Amino acid sequence: MAILIFVVPTIVLEGDFQAITGKSYKEFLASEAIRVSVSHIRHMMVFDTTLKVAAFFILFAGFRKAEIWAWWAMLVVGGITCIYGAVINVLNGNTLDSVVYLVALVVLLVALFLPVKKFLVRSS
């Protein structure tokens, strides 16, 4: 999804602008403002892709081995991403995107708490 948004960032711009104002961004924004917004959206998608690559390596480097640092890293990084995405979209009135982030948060929590004994309970 991040790659699609990187290629066509106006999808996000249109969705958020309509959620906040009820109108299309094309009616109000000058071409310079659109260029700046598109640049910022692409910038965010680079961070998003970087986060996903980092999560992949955390998952396969430490999570598979049940290392405690990997569990906490996934909780913190995933939690911040999902909670921020849900809150900002609720504040903007973009309910569709906020639901996507809330579903991602639920999936993250289920994925983290199913194997919690393996990570947090050490046998002596």
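## Lys52 and its salt bridge

Lys52 is partly exposed, because its relative accessible area is 45%; the classes are buried under 20%, exposed over 50% and partly exposed in between, with a 1.4 Å probe and protein chains only. Lys52 pairs with Asp48 in a salt bridge whose closest N and O atoms lie 2.8 Å apart. The rule asks for a side-chain nitrogen of Lys or Arg within 4 Å of a carboxyl oxygen of Asp or Glu, and the count by this rule is one. Both Lys52 and Asp48 belong to helix α3 (residues 31–63), where they are four residues apart, about one turn of the helix. Helices are DSSP runs of H or I with at least four residues, numbered from the N terminus.

The model is predicted: local features need pLDDT of at least 70, side-chain atom pairs count only at pLDDT 80 or more, and totals for chains, interfaces and linings use all residues. Residues are numbered from 1 along each chain as its sequence is written, and side-chain values use heavy atoms, without hydrogens and water.

## Nonpolar cores

The largest nonpolar core has twelve residues, including Ile58, Phe63, Trp71, Met74, Leu105 and Phe119. Such a core is a set of buried Ala, Val, Leu, Ile, Met, Phe, Trp, Tyr and Cys residues joined through side-chain atoms within 4.5 Å. Helices α3, α4 (68–92) and α5 (95–113) each give two or more residues to this core, and α4 supplies the largest share, five residues. Another core, apart from this one, has seven residues, among them Ile5, Leu13, Ile41 and Met45.

Among the buried residues of α4 are Gly78, Gly79, Cys82, Gly85, Ala86 and Asn89. The buried residues of this helix pack against α2, α3, α5 and α6 (116–120). Just after α4, Gly93 has a positive phi of about 85 degrees.

Ser98, in helix α5, is buried because its relative accessibility is 5%. Leaving aside neighbours within four places in sequence, Ser98 is in contact (heavy atoms within 4.5 Å) with Ala86, Asn89 and Val90.
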